[in-house]
Amino acid sequence: MPNVLKKDKQIGRLLACSGSNRMPKAKKRGRPPLPKGHVKGKIVPVRLNDEEVKLFTKAADKSEHESLSSWIRHVLRQAAEARS
């Protein structure tokens, strides 16, 4: 291979790696992070049977809480504070 072609390939590789031809980065998918203080610290996995899910969902829907998770958190806090 002549030296001219080798140099052209080397220059092409350098340009490709230099970032001059890079495509713009894709935006991240998913929900943006919550502000500090709004993020819950731990996740506690709990298994429920179908009957319990229906019962808890019905009770949460009748309450002022926005979600089942919020209602469960509220009820557990009340129960824990009553025992303290």
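1. Glu81 and Arg77 are both exposed (over 50% relative accessible area; under 20% is buried, anything in between partly exposed; 1.4 Å probe, protein chains only). They form a salt bridge, with the closest N and O atoms 3.9 Å apart. The criterion is a side-chain nitrogen of Lys or Arg within 4 Å of a carboxyl oxygen of Asp or Glu. By that rule the count is one salt bridge. About one helical turn separates Glu81 and Arg77, because they sit four residues apart in helix α3 (residues 68-83).

2. The model is predicted: local features need pLDDT of at least 70, side-chain atom pairs count only at pLDDT 80 or more, and totals for chains, interfaces and linings use all residues. Residues are numbered from 1 along each chain as its sequence is written, and side-chain values use heavy atoms, with hydrogens and water left out.

3. Confidence needs a look. The mean pLDDT of the chain is 83, and 74% of its residues reach 70 or more (pLDDT is the predictor's confidence in each residue, from 0 to 100). Helix α1 (residues 3-18) has the lowest confidence, at a mean of 62. Helix α2 (residues 50-62) has the highest, at 96. Where pLDDT is low, predicted coordinates should not be read in detail.

4. The fold is quickly stated. The chain has three helices and zero strands, in the order α-α-α along the sequence. Helices (H or I, at least four residues) and strands (E, at least two) are DSSP runs, numbered from the N terminus.

5. Of the 84 residues of the chain, 4% count as buried. The chain exposes about 8900 Å², with carbon and sulfur atoms supplying 57% of it. Areas come from the Shrake-Rupley method with a 1.4 Å probe; for residues, only the protein chains shown count as cover.

6. The whole structure holds one aromatic pair. Phe56 and Trp71 form it, tilted, at 5.9 Å centre to centre and 40° between the planes. Phe56 is in helix α2 and Trp71 in helix α3, so the pair ties together parts 15 residues apart in sequence. Rings of Phe, Tyr and Trp (its six-membered ring) pair if their centres lie within 6.5 Å; planes under 30 degrees apart are stacked, over 60 edge-to-face, the rest tilted. Trp71 counts as buried, at 14% relative accessibility. Phe56 is partly exposed, at 25%.

7. Val44, Val46, Leu48 and Val53 make a nonpolar surface patch of about 350 Å². Patch residues have over 30% relative accessible area and no salt bridge; like charges are joined within 9 Å, nonpolar side chains (Val, Leu, Ile, Met, Phe, Trp, Tyr) within 5 Å. Val46 lies in the loop between α1 and α2 and is exposed, at 59%.
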